[in-house]
Amino acid sequence: MSTPAIEIEHLSKEYPYGFLNLKKKKSLEDLSMRVDTGEVFGFLGPNGAGKSTTIKLLMRLIFPERGTARILGKSIDDVSMHRETGYLPEQPYFYDYLTAGELLDYFARFHGLTAADRQTRVQNMLKKVGLETAKKIQLRKYSKGMLQRVGLAQAILHDPQVVILDEPMSGLDPLGRREVRDIILELKKEGRTVLFSTHILSDAEMLCDRVGVIVGGKLRGVGTPGEMVGIKTQGMEILFEVTEGKNLPLLAKATRTGERYRVHMPEEELYGAIEQLRAAGARILAVTQIKPTLEEFFMNLVEEDRAQANAVEVSGK
Amino acid sequence: MKNVWTVAANTFREAVRDRVLYNLVFFALLMMGTAILVGQISIGIEESVIVSLGLTAISVIGLFIAVFIGVGLVSKEMDKRTLYALLAKPVERWEFLLGKFCGLVMTLTVNTTAMAAGLYLALWTVKHTLERSDAWILVAVYLILLKLALIVALALLFSCFTTPFLAILFTSAIYVAGVFAGDLRRVQGVDINAGAMRLMRGISYLLPNFENFNVMGAVAHGRGVPGGLVGQTTLYAVVYGAVVLAAAAAIFSRRNLK
């Protein structure tokens, strides 16, 4: 079996709080999981679930109470593991007195690249993230979306094997999100491993080989997006247009939006319905399989977690 | 050490772009004003007034930079989270800390050197010549710089485990106490019990002794500074600074970022 790209074993993290920091709040509880080489892994969870905590533990920005982790077989205590790892922090902020080109050059120096190599890579990277024209502007004049792009550029500048992105789509407009998605897919194509956290479920469904769902500091499930939500369909949906006044029994069950109708039915009734629509001269626009979304799965977990927390609170009283 | 140099060079660049060196304009104006005034009002003691005032200004301006920017070296990076991306590179935390220290000491060296040049210029304006004994000013400036480096190390240490406000307070308090450390060691005939006296002496040896770093009085009056004192003070600053930086690195290496 090949070495997993990321291997996490029993990681736990507590945060002190209160007047003298004597009380402790569990932020992450006994997290164990692995991310295989070459896969895109989505780390899903609501705000405060423990996604960023896990990533910061992996990057050694904070330290765990218990547990350990390895990246490409190297302990995260070993600073050399950063040579093969790229990291984009959540809502990144960089030295605002530098230009994008200067910042990337500064970070590239820590990877021991030669001046010529640095220059080439910085140019290519700025082009890749669409900042070529803004490279001479100080970062203090950059928008949030532009900073996110700089963050992405510094994370992949040194061709890392493992790329860890904390909320990479945050603060980006639809075009920017699409560009980030393209970069992630390109990294996957190049055989790199990508772990990214998000609470935008459609991004995870679109990009990830596997996802891990974390709620309340506990990992609640790991699998492919399909496995997570179950493969059984919940029925079919037909979208169609029909001239008004036709005597069509389906119209009684349909929802109308403008000129269009949308109707749901069990899978076994699909062909009968299509025949009816053809006979009535309707124009069928789309036939879609209805599956529970990752969002529904996710919301169920959050609801369960809240119910559990309420139950503990009530029994505590 | 390459990483240390990279961080140091960037810290220096930050100081330049954040216009830290603008204080030199204030110093230049002060020196010019003094040179003009002193010629008119202080007959015979122009040199001593200019040297005293110049060295005091170099020390005070340097102190402000060392304390306020020194405390911000790490705390600003943690508050703004600029540190996150940097520590995810193959950089040890102690390398980052030492780089920040060296970067600010570089800034202080450039600043202090420029101010020393300004002081010589003011002196030349008044005397129309420079004598051999004026070279002692360089020794005084060197010792001021050593003192400032020690203060930067202390500011870094405190900013590694407390808030910027408290770090400024602690650094300033240690500086003031350090100026009087020599007096504390020599104190006699005070009506306190022996235990308290021993405690006071003990504390005085833990505090940085800034007494030996101040040779302004002697230099202003054209007297020389013994070579032994310069060597001993340099050694003291290196050892004390290394211990303070090692303590800062030990604390920072396990510090959870926000």
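Analyst: In the contact between the two helices, Ile151(B), Leu154(B), Ala155(B), Phe158(B) and Ser159(B) of α6(B) meet Pro164(B), Ala167(B), Phe170(B), Thr171(B), Ile174(B) and Tyr175(B) of α7(B); contact requires C-beta atoms, placed from the backbone, to lie within 7 Å. By class, this contact comprises 9 nonpolar, 2 polar and no charged residues, where Ala, Val, Leu, Ile, Met, Phe, Trp, Tyr, Cys and Pro count as nonpolar, Asp, Glu, Lys and Arg as charged, and the others, Gly among them, as polar.

The model is predicted: local features need pLDDT of at least 70, side-chain atom pairs count only at pLDDT 80 or more, and totals for chains, interfaces and linings use all residues. Residues are numbered from 1 along each chain as its sequence is written, and chains are lettered from A and ligands numbered from 1 in the order in which they are written.

Helix α7 of chain B spans residues 164-179, and its axis lies 9 Å from that of α6(B), at an angle of about 140°. Their crossing is right-handed. Ala155(B) also touches Ala66(B), Val67(B), Gly70(B) and Val71(B), besides Ala167(B) and Thr171(B), with residues up to four places away in sequence not counted.

Ala155(B), Val152(B) and Leu156(B) have the most contacts inside the largest nonpolar core, which has 144 residues. Such a core joins buried Ala, Val, Leu, Ile, Met, Phe, Trp, Tyr and Cys residues through C-beta atoms within 7 Å; buried means that 20 or more other C-beta atoms lie within 10 Å of a residue's own. Helix α6 of chain B, residues 136-159, gives the most to this core, with 18 residues.

Note on methods
Buried ≥ 20, exposed ≤ 12 C-beta atoms within 10 Å, placed from the backbone. Helix = DSSP H or I, 4+ residues; strand = E, 2+ residues; numbered from the N terminus. Axes fitted to C-alpha atoms, helices over the stretch in contact; angles between N-to-C directions. Left-handed = near helix turned anticlockwise from the far one by under 90°.
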